[in-house]
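Open the model in your viewer and keep the selection tool at hand. The tour below goes from one selection to the next.

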Amino acid sequence: MPSIFKNIINNFLEFHSDEASPDRYKKLRRNITILMIIITTVPLLVMASVNYHQYNTRLTDEIVNPLRAISNKSKHSIELFLNERLSTIRFIESLFSFEQLSDKKALNSIFRVLSLEFKGFIDISLIDKTGKLRNYAGHYVLPTGDYSQEKWFHEVSIRGTYVSEVFTGYRGYPHISMAVQHMTKNEEIWILRATIDIKQFESIIRAMGLEAESDAFLVRNNILQTHSKYYGKVLEKCPIPIPERGFGTTITEITDPDGRNIFMSSIYFEESDYVLVIIKPRSVLFKSWYTLKTDLFAITIISIIMIIIIAFKLSEALVKNIQEADEKREMAFREVQHSQKLSSIGRLAAGVAHEINNPMAIINEKAGLMNDLIDFSPDFENKEKFLNLTGSIIQSVERCKKITHRLLGFAKRLEVVFENLDLNNVITEGLGFLESEAKHRNIEIRTNFSENLPRISADKGQLHQVFLNIITNGMVALDDGGTITIATWDQDKDTVGVSITDNGCGMSKETMKHIFEPFFTTKKDYGTGLGLPITYGIIQKIGGTIKVESEENKGTTFYIYLKKNFDNPNI
Amino acid sequence: MKQLQDSKLVFFGKMTASTTHEMKNVFAIIKESSGLMEDIMSFTDDIPETAKIKLAKIIDKIKGQVERGNNLTQRINRFAHSSDALIADTDLNEIVSRLVNMSERLAKMKNISLELVPAADPIMITTKPVELLMAQFYCLEYLFYFLPDGGKVSATIKNPESKPTIRFQIESLPSNPGGKIDDATLSGKWSELEEICKCLNANATVDDKLCITITLPVKPTG
Amino acid sequence: MDKIKILLVDDEEDFVETLSERIQMRNFDAEIAFNGQEALQLIKNKTPDVMVLDLKMPGMEGMEVLRRVKKDFQNVQVVVLTGHGSEKDEEEARNLGAFEYHQKPVDFNILVKTIKNAYKNKIDNTMISSAL
C-alpha cells in the first residue's frame, strides 16, 4: 500500500528536466498544487463531513425517537377509542334482539346509557336487511331513510363491521359512523349503526402535548379527518403527500407547501385507512444545529481557501526555484558546450596557423642556403648587400615565427581554462598584439611590474580580453606620442592590483558614470560600445572589481583588482 | 553569459585578424627582399654563372613559399573575419570555400582530397557565419571518420528552388561503411551537428551512402 | 672521424632538400626520406647517427616513426623538428626518447649544434654500454 501511494506520487510529480516542453514547469506547478490541495483538504473535508454527519445523526435521533414514540402511542389511543366504541355497539347488537331494539323506548334508554358511559356517541340507529331505517335514538330527528344504496351498507354486508371516514352528512357537522351487522343462525339479518363525534379525536391529539409550532391530525385517503393548525380544516384535502402504508411509523423530512422544512411522522391504523400525521418543523428543532453547521461550513471554507492560496504560493515559489536552478544548470551546460564548439573552431584556425610554419621553414632554409652559397663563393660586388638581404629574410622569418606563436597561444584559448598564471607575463603577451599599433602611433607603453607578484588562478583568454579592451580604449583616448603605464602590485593576501593609466584626454564625471553601461560610446562612428561593459562583466565573473579615476585633459586610470584564488570556475 | 562568450569570439576574431595582417606585412618584407636580390643580381656581373643560376632558383622558391604563406594567412584572415558579426549576409559559395580551404591541411594529413563544387551564381544568405562554419566542420569530421587513407570528399553547393544546400559526399565510398555507424562517438558527432543546425535553423540529413545534406534558410527566423 | 650520418624525414620536399644541401655543405652525410615508411626502409639499410624528424606527415605520423625507431634502433638519436607541435606533443616525443624538440622554422646554426650534440650523446652512450 505505501509503495502504491509512492508510485502514484512519483508518477504525479514525474518531471523530465531534459524534456523540451515549454509548459513542463506549468504542469509541474499544477501537479504540485493539486497534490498539496488534495493532501491537505481531503482530511479536512473528511473530518468536517464526519462531524457533520455524526452530529446530524445524533440530533435526528433525539428528534425522531420521541416523535416515533408519541406517534405510536397516540395511534394506539385513537385505535383504542374506536375499538372500544365498536365493541360497545357489537355488545349491544349481540345482547338485544331486533324486536327489542325496534322498540323506540328501549333504544332511547340504551342510547342514554351509552351517552353516559361513553363519550362521543351522537346517535344510534337500527337498519333492517333491506337497508331501511327501522329505529333511531339520538339528538337529531331523522327521516326514515333507505340506505340500501349506500356504500357503507354494502361494506358492512360483506365484512360485518364498518368504520366510516369523517363526513358532515345531514347532521351538519363532521362525525364518523360505525356499523355492525347482526347475523343469527336463523339468518335474521339487521344492522346497528352509531355515529361518533370527532371532537374525541381532537382531544386525544391535544393530550399528546405538542409544542406550539407542531401539528398533528388524522388523514384518510388524503382528506383531513381532523382540524389541522397549518394544513386546513376537516374534510379539506391534505396539502402534504402522505407516504404509503408501511410498518409502524414512517418519518420523513420534507418541505411543506409554505416552504417550511418539517419532520413528518405518519402511521397507518391497522384496521382502517386512517393515518395519524404529526408534523414538527425543523427550524425549531435544529436551531443549534444550524449555527453549528454554519460555523463548520465557514471554518472549512476559510481553511480550504487558505490552503489553496498557500498551495499556489508555495508551489509557485518551489517551481520557480526549480526552474531557476534548471536554467542555471542549463546555462552552465550550454556555456561549456559553446566553449567546446568554439575551441573546435580555434583548433581549426590553429592548424592552419601551424601550417604557415612550413613555408616559413622552407624560406628560412632557402635563405640560409643562399647565405651559405654567397658566403662560400669568392668575393664579388654587392656580396655584402646580398648577405644583408638574406639576413633580413631570416630575421623576418624569426619575426613571423613569433607572430604565429602568439596567434597559436590565442587560438588555443577559445575555451575557458583556468590556469595558474603570472599576471605580468599575461600582460606582456597581450601587449604583443598592440606593439605594431603603438609603434605606428608613437605611443609609449611603460610597464611597472611588481617583481614578486603572486600567481593567480584565471583564464588567460579572459584576462587578455580585459587588459586589451582597456588598453585599446586608452589608446583611443591618447594623442599620438602619449604614454600608457601599466603597473601591477600585490594588494593584500587575497588580491592583486593592476592599474592602467593613460595621459590622454580623460573624461567628464558624466561620462565616467556611464562607461560600464552597454552601448554607451564616445567613439563616434566606430566601436560598438560593448568593450567596457563586457570587460566589466568578465571581471565580475572572475570575482574581481574594476574602478576608474579620470580627470579631463589629464588622463584616466583603471584599477583592476583580481582574486588570487578564484575558486568558482563555473564559467 | 552567452554575450560574454560571443564577445570572446569576436575579440579573438579581431585579434586573429590583426595578427594575420601583421604576418602579411612580414611576408611582404620577405618578398621585397628576395625581389631586391633578383634586381641586384641582374646588374652584378662578377657572380659566377653557376651560383647565379642557383640563386635565381632559390629566390624563385622563396617567392613560391611566400605565396603559399600568404595564401594560408589569407585563409585564417577570412576565417577570423567570420566572427565580425554574429549574423551576416554572405555568399554561401564563399563561406563553404572558407571552410574547405581551412580543412585542406586536416584532410591532407589523412591523405584525403577535398573538392569544392560551388554553385554557378553567388547564393546570398543571411546566417550566423561562425555556426555555419562549425556545422560544415562537423560534417567533414563525420565523413573523415569513415574514410580510409586516400579517400575523396566533395562539397557541392546548390540552390534548387531557393533552398540553399551544401552536400558533403564521399566520392569513393569505403567497402564497409556500415561497420562503424552505430559507434557512440559518431552519434555524438551527429548530435553535435544537429545541435548547431538547430541554431542555424537549418536541417541536416544523411543517407545510406553517407551523403550529408544541409539545407539552409535564406534568412534565419530564429 | 667519420662523417656524422644524418637522416632527414619531412614531407616538405623543398624544405628537406634545402636542409640536406646545407648540411652537406657543412661536411655531414645527409639522406632524405619524404615519409615515415620510406624513413623506416632507409634506416634498415643504412643506420644513421641522427635523425631529424617531422611529426605531421601524411601516412605514418612522425610520432609513430619515432616510436618504432626507438624500439628497433635505440642508438639512433632523433631530433624532432615540426611546425605543429604543442607542449603535449613535445612531452610525448621526449617521453618516447627524442633527443631534442624544435619548432619550425629553426635557426640553422641551432639545428646543426643540436645534431652535433646528439651525435656526441650517441657516442657517449655507446661508450658507456660497451664499458659495461
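This is a predicted model. Start by selecting chain C and chain B: the area buried between them is about 740 Å², and carbon and sulfur atoms give 40% of that area. In chain C, pick out C:Glu12, C:Asp14 and C:Pro58, which lose the most area to chain B, together 48% of what that side buries.

Next, show the residues in contact across this interface. On the chain C side there are 9, and they touch 9 residues of chain B.

How many salt bridges are there between chain C and chain B? The count is 4. To look at one of them, select B:Arg68 and C:Glu12, whose side chains meet in a salt bridge with an N to O distance of 2.5 Å. C:Glu12 is also among the residues of chain C that lose the most area to chain B. Between chain C and chain B, 3 residue pairs are in polar contact, with both residues at pLDDT 80 or more. Colour the side of chain C that touches chain B by residue type: 2 residues are nonpolar, 2 are polar and 5 are charged.

Now move to chain A and select A:Lys564, in the segment after strand 17 (555-563). Is A:Lys564 buried or exposed? A:Lys564 has a relative accessible area of 10%, and buried means under 20%, so this residue is buried.

Beyond its neighbours within four places in sequence, A:Lys564 is in contact with several residues, including A:Pro454, A:Ile456, A:Asp490, A:Asp494 and A:Val496.

Technical notes:
Residues numbered from 1 in each chain as written. Chains lettered and ligands numbered in written order. Predicted model: local features only at pLDDT ≥ 70, side-chain atom pairs only at ≥ 80, totals over all residues. Heavy atoms only, no water. Helix = DSSP H or I, 4+ residues; strand = E, 2+ residues; numbered from the N terminus. Buried < 20%, exposed > 50% of the residue type's maximum accessible area, 1.4 Å probe, protein only. Contact = heavy atoms within 4.5 Å. Buried area = accessible area lost by both parts, 1.4 Å probe. Polar contact = N/O pair within 3.5 Å; in protein donor to acceptor, adjacent residues only side chain to side chain. Nonpolar A, V, L, I, M, F, W, Y, C, P; charged D, E, K, R; others polar.
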